[in-house]
Amino acid sequence: MTNPLDDASANPFEVAATAAKEIAEKTGVERHDIALTLGSGWAKAAELIGETTATIPATEIPGFSKPALEGHTGLIRSIQLANGKRALVIGARTHFYEGHGVRRVVHSVRTAAATGAKIMILTNGAGGIKEHWKPGSPVLISDHINLTSASPLEGATFIDLTDLYSKRLRELARSIQPDLDEGVYCQFRGPQYETPAEVQMAKAIGGHIVGMSTALEAIAARQSGMEILGMSLITNLAAGIQKTPLSHEEVIEAGKNAEAVISALLAKIVTAL
Ligand code: 8IG
């Protein structure tokens, strides 16, 4: 199946609207209130936030790509929360390093907005720069530095990014877990992890978390008018901060070990929204 977003003349917002319509039909849910993108380590939250009423393989929805990574299940779920709200859970993320362009990277966020979602929760697995952070700890994203040289905005679209990662939502998260630390997320293009020198650069310019997603998605979410909560699972200390080489297996392992705890935390936050 060809991806409609690969047609350069397509309007990405129209593709997102079509995708949202398809989700409404397939889930039987006209509007969703909240959307979540679950990154590495966060998948279990889908089971904890409420009752899943529909599950759709993302590839059945226009504009979505096949998952490139194991651990990214590629499913879209509609969940009914205990408070009656509806959550759309996106278990499929397209990363910028896959090379399919930014439109594909942010399509899930634009689709979430088109389903009616007013709050976008973006989660990821990432490297930590603060030395006292322990692998397996969740942290809040307070702001970001976009080091991809890319943007989801096209043309002269000047959008304010003050309070991009909602202070209100960070405070709400801290009302549930008061010791949650926060930091500035630096999105690198990847897929290689950083060199120790690049990590020192990120630190020098004010970064605390290094990753390969989220910043571009947050920009698109803001463009679509959503309020954003960003959370990283620190699966490893960034290169050179930790004394041993980074391994993808280690990262997956840390995610698995932390999954139950951080998923329960996220479920509590969602319930409090
Ligand atoms: I998980 O150390 C995970 N994702 N860029 N650096 C970057 N992305 C990551 C890292 C990391 N760990």
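At what angle do the axes of helix α4 and helix α7 cross, and within what distance do they come? The views below take this up first, then turn to a histidine and the cores. The model is a predicted one, where local features need pLDDT of at least 70, side-chain atom pairs count only at pLDDT 80 or more, and totals for chains, interfaces and linings use all residues. Residues are numbered from 1 along each chain as its sequence is written, and side-chain values use heavy atoms, with hydrogens and water left out.

**View 1. Helix α4 meets helix α7.** The axes of α4 (residues 167-176) and α7 (residues 248-272) cross at roughly 120° and come within 9 Å. Helices here are DSSP runs (H or I, at least four residues), and strands are E runs of at least two, numbered from the N terminus. Axes are lines fitted to C-alpha atoms, for helices over the stretch in contact, with angles from 0 to 180 degrees between N-to-C directions. On the α4 side you'll find L172, A173 and I176; across from them sit L265, K268, I269 and A272 of α7. Contact means heavy atoms within 4.5 Å.

**View 2. H32 is buried in a loop.** Look between α1 (12-27) and β1 (34-37) for the loop that holds H32. H32 counts as buried because its relative accessibility is 1% (buried is under 20% relative accessible area, exposed over 50%, partly exposed in between, with a 1.4 Å probe and protein chains only). Leaving aside neighbours within four places in sequence, the contacts of H32 include I23, S78, R86 and T115.

**View 3. The largest nonpolar core has 47 residues.** M120 and I209 touch the most other members. Helix α3 (residues 102-114) gives the largest share, 6 residues. Another core, of 29 residues, lies apart from it, with L169 and L265 among them. A nonpolar core is a set of buried Ala, Val, Leu, Ile, Met, Phe, Trp, Tyr and Cys residues joined through side-chain atoms within 4.5 Å.
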